[in-house]
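Look at the sequence and the structure below, then work through the exercises. Try each task before you read its solution.

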Amino acid sequence: MSTWDGFQWVAGDQSAKLALDARNGLYIPRSTDTTPGASGAWKRMWEGPVLPEWFGALGDNATNDTAAFEAAFAVGFPVQMGPKIYRVKDVAVPANATLRGIRGKSWLYRASGATHILNVNGGSKIVLEDFG
């Protein structure tokens, strides 16, 4: 079993998992695969929530981090924000999602042109933890 900087090689077709993880936060395909993940992929080994930074968020109070948050929610785990200021625009939040912050240190602000910060799909329930 091969490991690399917190990732473990998983042999076999991982293309379906990579399709859900379009920004490669949890799975990284072999660069030589014609279909990403067809021969296997590097899988992030962790326990707990996912971090938006794994999906490309910067949290620098300038960059629009919407795509990173949507990708983090798409993999189906709670999302844990760091002690940063994230700019987002109408983030599509799936049903029963959880977004965790660090009280007094994690901030979500509307990016330029945003109508909302979060757009909860179908009015479904989400959980917001440790904000305030």
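The model is predicted: local features need pLDDT of at least 70, side-chain atom pairs count only at pLDDT 80 or more, and totals for chains, interfaces and linings use all residues. Residues are numbered from 1 along each chain as its sequence is written, and side-chain values use heavy atoms, without hydrogens and water.

**Exercise 1. The sheet**

Task: Find the order of the strands in the open sheet of three strands.

Solution: 
- Start with the terms. Strands (E, at least two residues) and helices (H or I, at least four residues) are DSSP runs, numbered from the N terminus. Two strands pair if DSSP finds at least two bridges between them.
- Read off the order: S5-S7-S10, with parallel pairing.
- Find the edges. Strands S5 (60–64) and S10 (107–110) each pair on one side only.
- Check one pairing. S5 and S7 (residues 85–88) are joined in the parallel sense by two bridges. Asn64 stands opposite Arg87 in S7.
- H2 (residues 66–74) lies across S5, S7 and S10, at about 95 degrees to S7. For such angles, axes are lines fitted to C-alpha atoms, for helices over the stretch in contact, and angles run from 0 to 180 degrees between N-to-C directions.

**Exercise 2. The core**

Task: Which residues of the largest nonpolar core touch the most other members?

Solution: 
- Define the core: buried Ala, Val, Leu, Ile, Met, Phe, Trp, Tyr and Cys residues joined through side-chain atoms within 4.5 Å. Buried means under 20% relative accessible area, exposed over 50%, partly exposed in between (1.4 Å probe, protein chains only).
- Name the residues. The core has 23 residues, and Val50, Phe55, Phe69 and Phe73 touch the most other members.
- See where the core comes from. H2, S7 and S8 (91–93) each supply at least two residues. H2 gives the most, with five residues.
- Follow Phe73. Contact means heavy atoms within 4.5 Å. Beyond four places in sequence, the contacts of Phe73 include Val79, Val91, Pro94 and Leu99.
- In soluble globular proteins, nonpolar side chains tend to be buried together.

**Exercise 3. A serine in a loop**

Task: Is Ser106 buried or exposed?

Solution: 
- Locate Ser106 in the loop between S9 (98–100) and S10.
- Use the area. Ser106 has a relative accessible area of 5%, so Ser106 is buried.
- Look for partners. The Ser106 side chain reaches the backbone oxygen of Gly82 at 2.7 Å.
- Widen the view. Beyond four places in sequence, Ser106 is in contact with residues including Met81, Lys84 and Phe131.

**Exercise 4. Salt bridges**

Task: How many salt bridges are there?

Solution: 
- Apply the rule: a side-chain nitrogen of Lys or Arg within 4 Å of a carboxyl oxygen of Asp or Glu.
- Count: three salt bridges.
- Take Lys84 and Glu53, at 3.3 Å, N to O. Lys84 lies in the loop between S6 (79–80) and S7 and Glu53 in the loop between S4 (40–44) and S5, so the pair ties together parts 31 residues apart in sequence.
- Take Arg100 and Glu129, at 2.7 Å, N to O. Arg100 is in S9 and Glu129 in S12 (residues 127–129), 29 residues apart.
- Take Arg103 and Asp130, at 3.7 Å, N to O. Arg103 is exposed at 53% relative accessibility, whereas Asp130 is partly exposed at 41%.

Terms used
Polar contact = N/O pair within 3.5 Å; in protein donor to acceptor, adjacent residues only side chain to side chain.
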